[in-house]
Amino acid sequence: MQTRPRKSAATRKGEIVLAALALAREFGPDRVTTGMIAEQLGLTQPAIYKHFPRKEDIWQAVADALCAEIALNVATAEGSLGEAGNDPLARLRLLVDSHLRLVARTPALPEIMVMRDPKGAYIALRQQLQASMAGFRHALTANVRSAIKSGAIAQGIDAEDAATLIFGIIQSLVLRLLISKDAEAMLRDGKRLMDLQLSVFARTGERF
């Protein structure tokens, strides 16, 4: 009888992170325990602790993975050589769509950012995620400024205000996803609402 090849530490860590995210989606990140993760993967709790000595270490790995994806989405949009090219409106659409797709894959992300933390164990984790989202918002604002400069968005619109409205689209869709669990509707409506918002930006010349 052949034995299964032993999984590498990196592979097992990745499985633990994915299991934590799956359980967070179902039960909420505050209620996920190492015992639940071990049961999900068919492991013992000591096997989990071998890779992550503390539960906080698991969530730190989750945050690292999510922040890496946010950074990659921003870098991809900013350096796009494909459909977006040097079109700031196309880059704005790409930024929003890629972030919504990240949330669709990991719908626990918003809850992780605001998870209850009476002992203060996750302060650094939340700050890391908030810094990543600040970078995402900075990319939105920079592309709005480029669109204003190119004439694709009307002069007189404040770039920070415009970025806030675009960010509001994301927040409202993510909030609805937490209730409806319908990721396809979120992605579909995200494209439609971005088209609507950008069309308003193109026509509105007064600062709102």
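This is a predicted model: local features need pLDDT of at least 70, side-chain atom pairs count only at pLDDT 80 or more; totals for chains, interfaces and linings use all residues.
Arg176 is partly exposed, its relative accessible area being 37%. The side chain of Arg176 meets that of Asp189 in a salt bridge, with 2.5 Å from N to O. Arg176 belongs to helix α8 (residues 159-180) and Asp189 to helix α9, so this pair ties together parts that lie 13 residues apart in sequence. Asp189 counts as buried, because its relative accessibility is 10% and the cut-off for buried is under 20%.

Shared partners also build a network here: salt bridges join Lys7, Arg12 and Glu15 into one. Within this group, the side chains of Lys7 and Glu15 come together at 2.5 Å, N to O.

Another pair to look at is Asp195 with Arg93, a salt bridge whose closest N and O atoms are 2.8 Å apart. Asp195 sits in helix α9 (residues 183-203) and Arg93 in helix α5 (residues 88-105), so the bridge links parts that are 102 residues apart in sequence.

How accessible are some of these residues? The table sets them side by side.

| Residue | Relative accessible area | Class |
|---|---|---|
| Lys7 | 42% | partly exposed |
| Asp195 | 40% | partly exposed |
| Arg176 | 37% | partly exposed |
| Arg93 | 35% | partly exposed |
| Asp189 | 10% | buried |

Conventions: Residues are numbered from 1 along each chain as its sequence is written. Side-chain values use heavy atoms; hydrogens and water are left out. A salt bridge is a side-chain nitrogen of Lys or Arg within 4 Å of a carboxyl oxygen of Asp or Glu. Buried means under 20% relative accessible area, exposed over 50%, partly exposed in between (1.4 Å probe, protein chains only). Helices (H or I, at least four residues) and strands (E, at least two) are DSSP runs, numbered from the N terminus.
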